[in-house]
Amino acid sequence: DWLLSERQRAEALQQQKEEIKQGEDRLLGVLGEETERIDNAEAERLAAKQRTASIKAKIADERTRAKARILASNTLEEKNAARRIAEQERLEEARIAERERLEEEE
């Protein structure tokens, strides 16, 4: 009778141990999924940051070129044309930057 009671208790303990192990496995799985999700989000954030830096560099480069064209032009007409071109390029870069920003938000 005592031996039967000890066996039942040992089986109950073994079952509890298995349930705890299964719970631990589930938690580790969830932790792994969350870690992967965080890593992916961080990678996307860094990629967006790199795209933004690239766009800013392009805009700065284009402004420098536009200023150089304006300074290099001799006539008022050339200066006005260079300014219009620079403004069109600036607007285009702004559209690109806005499109990139919207893509980042998605």
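Helix 2 covers residues 76-105, and its 30 residues reach 43 Å from first C-alpha to last, close to the 44 Å expected at 1.5 Å a residue. The expected span of a helix is 1.5 Å times one less than its number of residues. Helices (H or I, at least four residues) and strands (E, at least two) are DSSP runs, numbered from the N terminus. This is a predicted model: local features need pLDDT of at least 70, side-chain atom pairs count only at pLDDT 80 or more, and totals for chains, interfaces and linings use all residues. Residues are numbered from 1 along each chain as its sequence is written, and side-chain values use heavy atoms, with hydrogens and water left out.

**Overall shape**

- The protein has two helices and zero strands.
- Its C-alpha trace spans about 110 × 20 × 5 Å along the principal axes.
- The radius of gyration of the protein is 32 Å, whereas a compact globule of 106 residues would have one near 13 Å. This radius is taken over C-alpha atoms, and the globule rule is 2.2 Å times the number of residues to the power 0.38.

**Surface and charge**

- Of the 106 residues, 11% count as buried. Buried means under 20% relative accessible area, exposed means over 50%, and partly exposed lies in between (1.4 Å probe, protein chains only).
- The protein exposes about 9100 Å², and carbon and sulfur atoms supply 55% of that area. Accessible areas come from the Shrake-Rupley method with a 1.4 Å probe; for residues, only the protein chains shown count as cover.
- The protein has 22 positive and 27 negative charges, and their mean positions are 9 Å apart. Lys and Arg count as positive and Asp and Glu as negative, while His and the chain ends are not counted. Each charge is placed at NZ of Lys, CZ of Arg, CG of Asp or CD of Glu.

**Helix 1**

- The 71 residues of helix 1 should span 105 Å at 1.5 Å a residue, and the end C-alpha atoms are 104 Å apart, which agrees.
- Its buried residues are Gly-23, Ala-48, Ile-55, Ile-59, Glu-62, Ala-66 and Ile-70. They pack against helix 2.
- Glu-62 sits in helix 1, which covers residues 2-72. Glu-62 counts as buried because its relative accessible area is 12%.
- Leaving out residues up to four places away in sequence, Glu-62 touches Arg-69 and Glu-89. Contact means heavy atoms within 4.5 Å.
- Ile-59 also lies in helix 1. Its relative accessibility is 17%, so Ile-59 counts as buried.
- Ile-59 touches Glu-93 and Ala-97, again not counting residues up to four places away in sequence.
- Ile-59 and Glu-89 are 30 residues apart in sequence, and their C-alpha atoms are 8.8 Å apart in space.

**Helix 2**

- The buried residues here are Ala-82, Ala-86, Glu-93 and Glu-100. Helix 1 is part of what covers them.
- Ala-97 belongs to helix 2. Its relative accessibility is 24%, so Ala-97 counts as partly exposed.
- Ala-97 touches Ile-55 and Ile-59, not counting residues up to four places away in sequence.
- Ala-97 and Arg-37 are 60 residues apart along the chain, with 27 Å between their C-alpha atoms.
- Ala-81 lies in helix 2 as well. Ala-81 counts as partly exposed because its relative accessibility is 25%.
- Between Ala-81 and Glu-104 the C-alpha distance is 34 Å, and they are 23 residues apart in sequence.
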